[in-house]
Amino acid sequence: MAQRKNPKTHSKKEGKTPPVESKNGKRTERGGGGGGGGGGGDAGGGSKYSMFTWFVVLALLGVWSSVAVVYFDIVDYDSVIARAKEFRMNFSEVLQGKLTAYDTDGDGDFDVEDAKVLLGLKEAEAPHVEDLPEERTETTEPVVETTNQQAAEPQGAEPTDATSSETPAEETVSVSESGPSPVDDDDEVSRSQDVESEIQAAVPLPPLVEDDFVPDDPRDSVHPYEDQADGIDTAGVLLEEPSPEESVVESGEYLTSSRVTQEAEPAVEAENQSEPAPEPEPEPQSETPRETESGPESEGSTGKQAELKEKAKKKKPKLLNKLDKTIKAEIDAAEKLRKKGKLEEALRAFDTLVLRHPQSPRARYGKAQAEDDLAEKLRSNDMLQKAINTYREAAELPDVTPDLLRAALKRRAERQQFLGRMRGSLATLERLTQIFPEDISLKNELGVAHLLLGDNKGAKKVYEEVLAVSPGNGFAKVHYGFILKSENKIAESIPYLKEGLESGEPGTDDGRFYFHLGDALQRVGDKSAYHWYELGHQHGHFASVWQRSLYNVDGLKAQPWWTPKETGYNDLVKTLERNWKTIRDEALAVMDQNTGLFIPEEENLREKGEWGQYTLWQQGKKAGSSCQGVPKTCSLLERYPEATGCKRGQIKFSVMQPGTHVWPHTGPTNCRLRMHLGLVIPKQGCRIRCTDQTREWEEGKVLIFDDSFEHEVWQDADSYRLIFIVDVWHPELTAYQRQTLSPI
């Protein structure tokens, strides 16, 4: 008979714990009640169960914590690993720095071989470049290519062994990196006077930087911050004459110069200078041959590359003296900050090094580099002047290595040029050439410094000295040829300009040299002039064979002849043509009473004859009191800012006597158009050619052409020709461009 369950009995049974089998197979009751023995059993069983439970809970917690750490990225494992590596590397560097004193084989560190020597197990041997083929393979490649590598390397990238403080490329790349930021050609200010047909500069001035970080007037030879470069004390600096193996091979990327109209080029031309591996030829300014830049083109080039690598190894500059080597790890740490763009921290680090080691040339040179870079960042002339002074201090320290001495003074001269301290730069370069008389590249740069000062005679002497010892030097040839041409020695200048350009050496591929060679050939009747103009165009120096201006704004409409409607200056043209007789009468009155005001053309543009000019506006400003002689003419023009405000043009009268011929030539810029108003025009014999189109003037009529195209003038009449020249802004220039373009 089934037993009836009551609620009480049922609830009591549910309250009991079911029996559990232990490991020995016995069943135990784990209930809440019972006698003393039962209580003791429960206690023991409860304790065992509790420990297991906690173990499981803790294990689960550990698993979930690990999952959470990974999933929510609570710990930056990459950072931890990086710090560990950095600690290991720093510790290794510090240790190596301490043990450098025990370096017996000259490889720059303490290793097993050094230990063997110290223990007497091996004799010390002097290292030979030829005995280290594996080192040669590792180190010569970066020496040649470090400039390009660092240009492409992100600022935050860690420096490799190839860019350590002992490599030449590091020191010279910083020269270009810390230079002024490139600016557009149109932001360069020229102080030279523009004439109707500009003879182009042979070489450009250092680029101008906007805002408050601007070079001072090159004519200011004295500056409150300037210290005398010729006061550099080199006593005790050079303990011995540097051997050819130790000398730094400078790049041929020279700064170039001239005394006439100049404008910055987007290169960095002047500031992007480096010290790559040398050519097989002895000329030290030559850069690495094209084979190493473009890769081997034949099987024979492999052997040549190996030879170049070996020479590059021999030419590796030495920037650290004995003291510097003991603090190399600290120098490297400060240099790493500079390379990463942490310039303030780098400067503080180098300052600390200089205070602790005042006789360390490398620490002071690093400080100068940091100040140099910071000057660019802050656009501060004062900071740049500090860098210039610190470069001098580094060069004056005793026991400075010849390579660091050269790098410091060379950079000092460049930065002096940038600030317009041309005489200080010249003195620095003269000192350099005295210390390193065999370095042709320094001689070439000294010649450029003379040109920047307008001292063609001094430059000529320097280049004659260079060509006497290195007759094939292309850089010296093109500059010497330019100087001869400026002296009107046209025929003599041609072979120097031609051979210099044909050499293809760094610093020779400049539009001014193509310009002057072509111009010289035209003057002697040699039609090969247009071959050189074509080459200049192919090299990107000229817009076309016909349009050879050098200071241009890209994208402007280019055509030799214009109509008034095309220019958009119809009102100005109509005003000139309606009032041409008034303008003519005032000009004739000035001619009759003040013939001295018509200044002869002195730009060497005439083959023969007489050509005079009377200027009213120059570079957007009135030319003295000239308007007092022609008040009505000036009053008419003041209503037209496109003419009077044209900072790259002129407004002037031009009188040309019979028998005059003006050589084919081009103006300096494509930013202007030129209007010719005929005032007194003989019936026959006066004509002007622009490109391949020839036209004649008419009295009371305006001709408009773009004088950046080649043009030529003949005056074969029986009486004088008088015209009024009005330059206007190119109509496609914006208002902002007209306001900000530099004067020419």
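Colleague: Buried means under 20% relative accessible area, exposed means over 50%, and partly exposed is what lies in between. On that scale, is Leu60 buried, exposed or partly exposed?

Modeller: This is a predicted model, and in it Leu60 has a relative accessible area of 48%, so Leu60 is partly exposed. Leu60 belongs to helix H2, which runs over residues 36-71.

Colleague: Changing topic to cysteines: how many disulfides does a search of the whole structure find?

Modeller: The search gives one disulfide. The bond links Cys627 and Cys634, with an S to S distance of 2.1 Å.

Colleague: What is its handedness, and why?

Modeller: The disulfide is left-handed, because the torsion about the S-S bond of Cys627 and Cys634 is about -85°.

Colleague: Are those two cysteines buried or exposed?

Modeller: Cys627 is buried at a relative accessible area of 10%, and Cys634 is buried at 3%.

Colleague: On to charges. How many salt bridges are there in the whole structure?

Modeller: A search finds 32 salt bridges. One of them pairs the side chains of Glu396 and Arg392, at 3.1 Å from N to O.

Colleague: Where do Glu396 and Arg392 lie?

Modeller: Helix H13, residues 381-396, contains both; Glu396 and Arg392 are four residues apart there, about one turn of the helix. In general, an α-helix has 3.6 residues a turn, so residues three or four places apart point the same way.

Colleague: How accessible are Glu396 and Arg392?

Modeller: Glu396 counts as partly exposed at 23% relative accessibility. Arg392 is buried, with a relative accessible area of 16%.

Colleague: Which residue forms a salt bridge with Lys410?

Modeller: Glu414 does, and the closest N and O atoms are 3.2 Å apart. Lys410 and Glu414 are separated by about one helical turn, because they are four residues apart in helix H14, residues 402-418. Lys410 is buried, with a relative accessible area of 5%; Glu414 is buried as well, at 3%.

Colleague: What about Arg512 and Asp510, buried or exposed?

Modeller: The side chains of Arg512 and Asp510 meet in a salt bridge, 3.0 Å from N to O. Arg512 is buried at a relative accessible area of 1%, and Asp510 is buried at 6%.

Colleague: Let us turn to helix H12. What span should helix H12 have, and how far apart are its end C-alpha atoms?

Modeller: H12 covers residues 361-378, and at 1.5 Å a residue its 18 residues should span 26 Å. The end C-alpha atoms are 25 Å apart, which agrees.

Colleague: How many of its residues are buried?

Modeller: In H12, 16 of the 18 residues are buried, so the helix is largely enclosed by the rest of the structure. Just after H12 comes Arg379, which takes a positive phi of about 55°.

Colleague: One more topic: which residues does Ala449 touch?

Modeller: Setting aside residues up to four places away in sequence, Ala449 touches Gln417, Leu426 and Leu429. Ala449 sits in helix H16, residues 440-452, and counts as buried at 2% relative accessibility.

Terms used:
Residues are numbered from 1 along each chain as its sequence is written. This is a predicted model: local features need pLDDT of at least 70, side-chain atom pairs count only at pLDDT 80 or more; totals for chains, interfaces and linings use all residues. Side-chain values use heavy atoms; hydrogens and water are left out. A disulfide is a pair of cysteine sulfur atoms within 2.5 Å. Buried means under 20% relative accessible area, exposed over 50%, partly exposed in between (1.4 Å probe, protein chains only). Helices (H or I, at least four residues) and strands (E, at least two) are DSSP runs, numbered from the N terminus. A salt bridge is a side-chain nitrogen of Lys or Arg within 4 Å of a carboxyl oxygen of Asp or Glu. The expected span of a helix is 1.5 Å times one less than its number of residues. Contact means heavy atoms within 4.5 Å.
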